[in-house]
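Have the coordinates open as you read.

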Amino acid sequence: MFLSLIKFFRGFLLVRLSGYSPERFLNLCSNHDILIWDLKNQNGCYEFHISIAGYRRLKPLLKKTKTRVTILKRVGFPFFLYRYRKRKVFFAGIAFSVGLLCYLTTFVWLIDINGNSLITDDDILTFLEEQGSSFGSKKSQIDCSALEEALRTNYEDVIWASVRLNGTKMTIDLQENLITKKDMAEKEREPEGAYHIVADKDAVVTSIITRKGTPLVKAGSEVKTGDILVSSQLDIYNDSNEIVNYVFVASDADIYGQTTYTYEDSFPMQYNQRVRVGEGRSVYGLNLFSYQIQMPGAQKWKQDDSYISYTESRQLAIAKDYYIPVILEKTTYYACGYEKVTLTKQQAKERASENILQYLKKMEEKGIEITDKNVMIEFAGNQCKVHGVITAVEKIGKYEPAEQKEISTDERLTEDESD
């Protein structure tokens, strides 16, 4: 590929060799280091390609071998310039286009964000716009180091940031402190003052680790919603192992319990499905900078709900990482129709199983560990009904203000008399 470009810009000729001794001519070309290529025998004559410089060295060889060459075709950039040498506006347009492309490469036209999960792309793009480093910003005015520091300062979840400029593309790589974020959320949830930890749902306690407070349950205990799991009351004893006072704290514990969930789902065995009909019609659009240009008739298709549309877009680039602010869009519209779909029992079971898996996945994303599931699928008329019980282990407990009390005077006197 690279060698072909060199040949094109230097220019070369397609020639035909004829005469008394063409084989001797070819040998002399090899001895004099004259490069020829694509040699072919055509009707007793030889045709081949040769560079312009090599062609100029052929005269003594042709005279010695009594052969002659005829130029069949001129190929390359020098001949192109000579052919259109009088079209000044054309070359001026080429020069202007090249200059415009070179000027566009001094701006940022694509922003790629990686590694963010807590922070959305829109939030980061808005922040970049506030910093003057967004889409269309001058590359020379972007300080990557300062932008990295600003990202770490503005977003407390970001512990590492990298900003790179490659061509007209800005790449932002982030690393978020997900564990610290979770711990901070738990810490913010922990109140100050006197608080019990009470059950927020019916469960069987599987494990309990208490850091503050007095545990009132243990592993294996059955609890109901509202039962106190860890009391904020700490008893103060004297040397005789008698309670002389109470101290109330904000309870702190990790309590896990076995819980049950009731799962129910249903869907019809027969339904009308929206499908595309016939051949599609494509409408092309062009996004230039922030302006959208569409072919006539596109708006008519958009306003018609009886069509299904699919859109493909691609941002143009003149080289790797050298994108330009031009996005081509292709929207294909298909006529919309409806067909009646009847599920078999096997297909209904597969669909029900897929729904159950999605439901369990959402539970696991919330930190709930699934230990067992007992689900049944039944068919009644046109309906597929799914119901069952899911057993899980999860963190239970919520904070509830504790009523602080002091040991009564009568209790104190009773203890003194006993002494």
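Q: Which residues line the second largest pocket?
A: Its lining is made of Leu 3, Ile 6, Lys 7, Arg 10, Gly 11, Phe 12, Leu 35, Trp 37, Ser 51, Ile 52 and Ala 53. They count as lining because each has an atom within 4 Å of a pocket point; on a 1 Å grid over the protein atoms alone, a pocket is an open set of points where a 1.4 Å probe fits, with protein on both sides within 12 Å along at least five of seven lines.

A word on the source: this is a predicted model, where local features need pLDDT of at least 70, side-chain atom pairs need 80 or more, and totals for chains, interfaces and linings use all residues. Numbering runs from 1 along each chain as its sequence is written, and side-chain values use heavy atoms, without hydrogens or water.

Q: Which helix supplies the largest share of that lining?
A: That is α1, with four residues.

Q: Why is Cys 29 called buried?
A: Buried means under 20% relative accessible area and exposed over 50% (1.4 Å probe, protein chains only). Cys 29 has 1%, so Cys 29 counts as buried.

Q: What makes Cys 384 buried?
A: Its relative accessible area is 0%, so Cys 384 is buried too.

How values were computed. Helices (H or I, at least four residues) and strands (E, at least two) are DSSP runs, numbered from the N terminus.
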